[in-house]
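The points below are grouped by topic.

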Amino acid sequence: MRTYAPAPTVAVLERLLAEPSLARGVVHHQVIPARDGTFASFPDWLDDRIAEGLRGRGIERLYGHQAEAIEAVHAGDDVVIVTPTASGKTLCYALPVLQELAEDPSARALFLFPTKALGQDQVAEFAMLSKAAGLTISSNTYDGDTPAPIRSAIRKAGQVVVTNPDMLHSAILPHHTKWFQLFEQLRVIVIDELHTYRGVFGSHVANVIRRLLRLCEHYGSRPIIVCCSATIGNPGELAAMLTGRPARLVDRNGAPSGERHVLLVDPPIIDQATGARGSALTLAQRWALPFMRAGRQTIVFGRSRVAVEIMLTGLRESLRQDAGPRSRVRGYRGGYLPTERRAIERGLRDGEILGVVSTNALELGVDIGRLDVSILAGYPGSVAATWQQIGRAGRRANVSVAIVVASPAPVDQYVIHHPEFLLDRTPEEARADPDNLHVLLAHLRCATFEMPFDPGTVFGPGPVDELLAFLGEAGQVRQASDGRWYWSSENFPASEVSLRSAAPENVVIIDTTPDRPHVLGEVDLFSAQVLVHTNAIYLHESVQYHVDRLDWDERKAYVTRVDIDHYTYANRAVTLKPLDVFGEAVVAGGRRVHGEVMVASLVTLFKKLKFGTDENVGWGPIHLPELELQTTAYWLTADGLAGGWRRDELDVALLGAGRAIQAVAAVLLMVDPRDLGLVSQVRSPHQDAPTIYLYESMPGGVGLSERLWQRHDELVEGAAGLVASCACEAGCPACTGPRLEPDVNAKALALRLLRGLGATTGVSVPAA
Amino acid sequence: MTDALLLSRRLERHRAWQRRAQQPDEDDRAPDPRRATALAVRIADAVDGEVVATDQGTYVRRDGAAVAVPIDRDALAGLPDQPAAGTPLLFLDTETTGLGTATGTYAFLIGLARWEDDRLIPIQLLLPDQSEERAFLAAVADLVPADGWLVTYNGRGFDWPLLVTRFRMGHGPPPVHAGHLDLLPIVRRLFRHRMTDARLATVETELLSVHRGGDVGGWEIPGRYLSFLRDGSPHHLVDVVRHNAIDVTSLARLLGHIAARLGDRDRWTDAEAGDLAGLSRLFRRHHRDDDALACLEAALVASGRPSRRPATSHASEAWWSPRARPDYGGRPGPPRSAWPPGAAFDAGWSEARLLVERARLLRRVDRIDDALAAWEAVAAVGGPMGAAALIEVAKLREHARHDYRGALEAALRGRATLDRCRSTGRPAAHLERDIGHRIGRLRRRLAAVRGAA
C-alpha cells in the first residue's frame with residue numbers, strides 16, 4: 001500500500017480508515033464542519049497611509065474579531081483577544097498602535113512576549129506593517145541580547161519597545177528614571193501569549209504588571225492593556241488577574257476555516273494483565289507517513305526533544321526505504337539555531353518543506369502558515385495546548401485532519417476515553433495567584449526599591465503597611481519621618497527574584513559542557529531535592545543534563561549535557577501537617593477542605609526509568625537534609641468510611657484513588673502532575689479519618705488548591721471514570737499507579753472508595 | 001483568598017515560621033518614629049555642621065575649612081579635554097547606599113568644593129532621613145553653577161547618573177552645568193603605567209604623597225548610613241564625612257598635580273617618561289600630532305634619567321612585538337590582523353618603547369624620512385626588537401617609497417638579526433615567519449619588475 005502519488009487529504013484519510021490495524025485504535029472520530037468567515041471593512045478613523053499599506057500587502061478587509069478588537073482599543077478599553085492559531089492576532093494590536101503613532105509620534109507602546117524569540121518575530125512583523133504604511137517608527141527588541149550602545153537609544157527614542165517579563169522586571173522597572181520618555185507617554189501595553197502566564201510564572205508576572213502600572217501612574221500615563229490569548233477557559237479572568245483591571249473579551253473568531261476531522265487514537269494493548277500499551281511515537285509515525293507520501297504538509301508534535309528526534313529519525317528512515325521525500329522532513333525544537341528555525345518556518349510557509357516534527361516550540365505564535373495534517377504524539381498536557389497544536393492544521397478551503405495519539409500515561413488515558421473533554425468542553429482555566437505571599441513580598445521589595453510607598457497605598461490584595469512592616473523587621477525597608485516606606489538595603493532586590501520560581505532561595509544550575517560554564521537556570525530548594533540531586537537527569541527545554549554534583553551549601557548544581565534513554569525519579573518521603581483551614585464543606589462520605597499545610601520532605605533515593613516504557617533500570621541514594629514547605633493544599637477526608645475496611649486495603653484504596661484524583665486534577669487545572677504532591681493517610685493524626693491530600697509543590701501555592709476544592713465533585717467523578725474505564729484488570733500505572741502488591745486488586749478497592757465518596761461512574765462496573 | 005484578613009493570618013504564620021527557621025536573637029522592637037529634624041541635629045552636632053530647614057525639608061550642611069591647593073589654570077587649559085581657564089570648577093563626590101544607579105540607591109552625602117583663587121572651599125551636604133531628599137537635592141542644585149564644570153572621579157559612570165536618577169525620582173530637573181571633567185579616565189591614560197590600580201586612594205599615595213590613616217573602607221559606607229538610619233546614632237557617619245572630605249580635596253590636588261606636572265611644557269623635562277608617553281597618546285587622540293611628538297621627545301629625554309619607580313611589564317606579549325598593537329586610545333577598531341588587540345597595555349615605558357612609539361607617530365604624520373631614521377635607531381639596539389624595527393623599515397621602503405630593493409635589503413638584515421637571536425637562544429618564531437614571507441614576496445616583486453623591464 002505504498003503510494004507516492006499526490007492525493008487529497010480526504011482520500012488519504014479514507015484509505016487509512018479502511019486499514020483495520022489502524023482503524024481499530026480510533027477511539028473517536030469527529031468532523032468539525034467548515035465555517036465561513038465574518039468580515040468588516042477598515043474603520044473610518046484608520047489613517048489612510050495604514051489602510052494603503054494593508055492593501056499593498058493584500059489585506060482588503062478585516063476579520064470580524066480583528067475589527068471588534070481594534071474598535072475597542074480605539075475607544076480606550078482594555079481588551080483580551082482569544083484567537084485560535086493563525087487567525088491574524090498581530091493586526092488586532094498592531095493597527096491601534098500604528099494609528100496612535102501616526103497621530104502622535106511621541107506616543108510609546110510596550111509589547112511583552114514570554115520569550116525572546118517570539119518578541120523578535122513580532123518586531124519583524126510590526127516593522128513590515130509600519131514600513132508598508134510609509135511610517136518611520138522605531139520598534140526594537142530590548143532583551144539580554146541588545147548591545148549596550150543601542151540600549152540607551154531605545155530608552156530615549158524607542159517608540160515600540162518589545163521585551164519579556166524578566167527584562168521588564170530586572171532591567172526596566174528598577175531603572176525607570178532612565179526610561180521616563182517611555183513611562184510618560186505609554187499608551188498601549190500588549191501582553192501576548194497570555195495563556196502562558198499561569199502558575200508561578202503568572203503570579204510573578206501579575207506582580208511585575210502591578211509595579212509597571214504603579215510607575216505609569218507616577219509618570220502620569222494610563223496605558224490601555226491589550227492581551228492576546230490562545231483558547232483557554234477563563235481568558236477574561238486571567239487577564240483581570242494579571243492586570244488587575246477588567247477587560248473586554250473578544251472571542252468570536254472571524255477567520256474562515258475548512259472542514260476538519262479530529263481523531264482520537266489509542267495504541268493497542270500489548271499485555272492484557274498489566275494493561276501495557278504500545279508506543280505513541282510509533283503509532284504517530286504510522287499515521288503520519290501516508291500523508292507525507294501523498295504530498296500533504298504534515299506536522300507531528302512530540303512531547304520531548306527525545307521524542308522529536310526518535311520520530312524524525314523513524315520517518316526519514318521509512319521515507320528513504322521507499323524513496324520518498326525524505327529531505328523535505330525536518331525537525332524543529334529548542335536548541336536549533338535561530339537561522340535554521342527561520343529557514344524551516346519559511347519552508348513551511350512556501351510549501352518547500354513537507355513535514356516537520358516539533359516540540360511545543362511551534363505551538364506558540366510562530367508564523368508557519370496553515371498545514372494539512374497535525375498529529376500529536378501524546379496529549380500535550382492541556383486542552384488549550386491540544387487545540388493550539390490541532391490548529392496548526394486547517395486550510396481555509398480544504399479538508400484538514402488532526403490526530404491525537406494517546407500515550408499510556410494516566411492523564412492521556414483519561415483524556416482519550418473522554419472525547420467530550422477535549423472536543424465539547426471549554427478548555428481548562430489558567431490559574432495564578434498574584435497574592436501568593438512569597439511572590440507578593442518579593443515584588444513588594446522590588447516595588448519599594450523602585451519608589452517609596454505612601455502609607456495606606458494599595459498594592460495587590462490590600463494596603464501595604466503590614467507587609468512592609470514585616471519586611472522592615474528584616475531591615476530591608478524602613479518607615480521614614482514622613483511616614484513613607486523607603487528601601488533601606490544595599491541589595492538590588494530584582495536580581496534576587498526569579499520570575500520562574502516562587503521561593504526566595506534557589507539552586508543555580510550550571511552547565512559545564514561548554515568551554516565557559518554558564519547558568520542554565522534555577523530551581524527552588526524543594527524542587528531541587530528531586531530534580532537536581534547528584535546523578536539526576538535534569539531536563540531543560542527538552543535537553544537532558546546529568547547532574548555531576550549538587551553543592552547543597554553553595555546552592556549550586558553542576559550539570560553536563562548527555563543524551564541517554566532514561567530519566568530519573570526521586571522518591572520523596574513526605575509528612576504533612578495542616579496549619580489552617582481556608583474553606584471546608586461536607587460532601588458525600590466525608591468532607592472537602594482547602595487550607596494551608598506544612599509539608600516536610602526527605603529525599604533518600606532515586607530510580608532510573610526508561611523513556612516511553614518507564615521501566616526501572618537502576619537506582620541510587622540521595623544524601624540531602626530534610627526540607628519544610630509551607631504551601632496550600634486541598635484534602636478530602638472519608639469520615640463515613642470508618643467501618644467495613646481492612647486497614648491494608650484502605651491504604652491501597654487511598655493511594656490508588658489519590659493517584660487517579662491527582663491525574664484528573666492535573667488535567668482539569670492544566671498543570672503538570674508534578675505540580676501537585678500527593679499524601680494519603682489511613683488514620684490521619686490531624687483529621688481522625690482517612691485522608692487524601694493534594695498539596696501544591698510551589699511554596700505558598702498559586703491558587704490550585706482552592707480550585708480543586710471547588711471542583712471536588714468533578715475530581716471524584718473523574719477519578720472513578722478514569723479507573724473504571726481503564727483496560728487493565730487490577731490497577732496499572734495508567735490509573736491507580738504502579739502495582740506494589742500483586743495480589744491486591746487496587747482497581748476495585750479504589751473504585752469502592754470513590755463510590756463511597758459519591759462517585760456514580762464506577763457503579764456499573766463489577767469489581768473484578 | 002485575596003481577603004485582607006486571611007492574608008494577615010497567613011502573614012502571622014509566615015512570620016512565626018520564619019522566626020523559628022532563623023532563630024533571631026534580638027526581639028523585634030517597633031522602631032520609634034524619629035523626627036527628621038532630630039536626626040539632622042544629631043548629625044550636625046557630631047560632624048560640626050549646621051541644620052538647614054527649608055519648606056521642602058531639612059538637611060545638614062557642613063562648611064569645611066578652606067584648604068590651600070594651588071593650580072595653574074592656564075597650564076591646565078592647554079591640555080586636551082580640560083576646561084578653559086575662566087570656567088568655574090565644582091568638585092563633586094557622593095557617598096551612597098549602594099553600587100549601581102538604579103532607583104533604590106540613595107545618595108546621602110554629597111561633597112562639593114569650589115576654588116577661590118588658590119584656596120579650596122569645601123561644602124558637604126548630608127541627608128538626615130530619606131524623607132528629606134527634596135530639600136537636600138535642592139541645596140545641591142543651588143550650588144552647581146550653570147556655566148561651570150563638574151570635576152569628579154568616575155562621575156560620568158556613577159555619581160552624576162545617580163544624581164540624575166535621584167532628581168528624576170520626583171524632585172525636579174537635574175541642575176544644568178557646562179561640562180563634566182571625569183579624572184578617572186585621565187588617570188588611567190597618564191599614570192596607569194606606574195600604578196597597581198586606579199582607585200583614588202592609590203592615586204593619593206602614588207601621585208600626591210598623601211597617606212590616609214584609619215580611613216573607612218568604601219565597601220563599608222552604605223552599611224554605615226543604613227545603620228545610622230536604623231539606630232539614629234551619628235557616630236557611624238563621622239568617619240564617612242572625613243573620608244568624603246579627603247576625597248574631594250584629593251580630586252582638587254590631583255587636578256593641580258596634572259596641571260603643574262604636565263600642563264607646563266617647561267616642566268616636561270622633570271616629568272616621568274611614562275606620564276609623558278600617556279599624554280602624548282592623549283594629544284594624539286585629539287589630533288594634536290605636533291604636541292604628541294613634542295611630548296615623546298621630552299619623554300625620551302626624561303627616560304635618560306633613572307625613573308623614580310622602575311617600570312615593570314605584566315604584558316604577555318612584549319610591547320615591541322608586532323603582535324602588540326599601539327594604543328592610541330579611543331574605541332578599539334576591529335583588529336587589522338590576527339594579533340590580539342590591546343596587548344601592549346600595562347607594559348612599562350622603557351626608552352626603546354618610547355623610540356618605537358615615536359617612530360610609529362612619525363609614520364602617522366607622514367614624516368617618512370624621520371620615521372625611517374627612528375626605526376633604524378631602534379634597529380641598532382638589535383635582538384628581536386631590532387628585527388621588528390627592520391620589518392617596519394622594510395614596510396616603509398616598500399609601501400611609502402616603493403623602494404623594493406631597499407625593502408629587501410632591510411628584510412635581509414632583519415633575518416640576519418633573527419638568525420643571531422636563534423643562535424644565542426632567543427628565537428622569535430613569529431617574526432621569522434613574518435620576515436620569511438616578506439622576503440619571498442619582495443623577491444617575487446623584484447623579479448616581476450625586472451621581467452616587465
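The model described here is predicted. The points below begin with a pair of helices in chain A to which this definition applies.

**Helices 8 and 10 of chain A**
- The axes of helix 8 (residues 165–172) of chain A and helix 10 (residues 199–219) of chain A cross at roughly 45 degrees and come within 10 Å.
- Helix 8 of chain A and helix 10 of chain A are therefore oblique to each other.
- Their crossing is left-handed.
- On the side of helix 8 of chain A, the contact involves A:Pro165, A:Leu168 and A:His169, which meet A:Val205, A:Val208 and A:Leu212 of helix 10 of chain A.
- By class, the residues of this contact are five nonpolar and one polar, with no charged residue.

**Domains of chain A**
- Chain A is divided into domain 1 (9–23 + 257–423), domain 2 (39–250), domain 3 (437–496), domain 4 (506–561) and domain 5 (572–761).
- Taken over C-alpha atoms, the centres of domain 1 of chain A and domain 4 of chain A are separated by 32 Å.

**Chain B as a whole**
- Chain B contains 16 helices and eight strands.
- Of the 453 residues in chain B, 41% are buried.
- Among contacts in chain B with a separation of 6 or more, 65% join residues 24 or more positions apart.

**Helices 6 and 10 of chain B**
- In chain B, the axes of helix 6 (residues 183–191) and helix 10 (residues 273–285) come within 7 Å and cross at roughly 125 degrees.
- That angle makes helix 6 of chain B oblique to helix 10 of chain B.
- Helix 6 of chain B contributes B:Arg189, B:Leu190 and B:Phe191 to the contact, while helix 10 of chain B contributes B:Asp275, B:Gly278, B:Leu279, B:Arg281 and B:Leu282.
- The residues of this contact divide into four nonpolar, one polar and three charged.

**Where chain B meets chain A**
- In the contact between the chains, 35 residues of chain B touch 36 residues of chain A.
- Helix 1 (4–22), helix 5 (155–168) and helix 8 (221–231) of chain B each supply at least two residues of the side of chain B that touches chain A.
- Helix 1 of chain B gives the most to that side, with 11 residues.
- The side of chain B that touches chain A comprises 13 nonpolar, 12 polar and 10 charged residues.

Technical notes:
Residues are numbered from 1 along each chain as its sequence is written. Chains are lettered from A and ligands numbered from 1 in the order in which they are written. This is a predicted model: local features need pLDDT of at least 70, side-chain atom pairs count only at pLDDT 80 or more; totals for chains, interfaces and linings use all residues. Domain bounds come from an automatic or database domain assignment. Two residues are in contact if their C-beta atoms, placed from the backbone, lie within 7 Å. Helices (H or I, at least four residues) and strands (E, at least two) are DSSP runs, numbered from the N terminus. Ala, Val, Leu, Ile, Met, Phe, Trp, Tyr, Cys and Pro count as nonpolar, Asp, Glu, Lys and Arg as charged, and the others, Gly among them, as polar. Axes are lines fitted to C-alpha atoms, for helices over the stretch in contact, and angles run from 0 to 180 degrees between N-to-C directions. Angles under 35 degrees count as roughly parallel, over 145 as roughly antiparallel, 65 to 115 as roughly perpendicular and the rest as oblique. A crossing is left-handed if the near helix is turned anticlockwise from the far one by less than a right angle, and right-handed if clockwise. A residue is buried if 20 or more other C-beta atoms lie within 10 Å of its own, exposed if 12 or fewer, and partly exposed in between; C-beta atoms are placed from the backbone.
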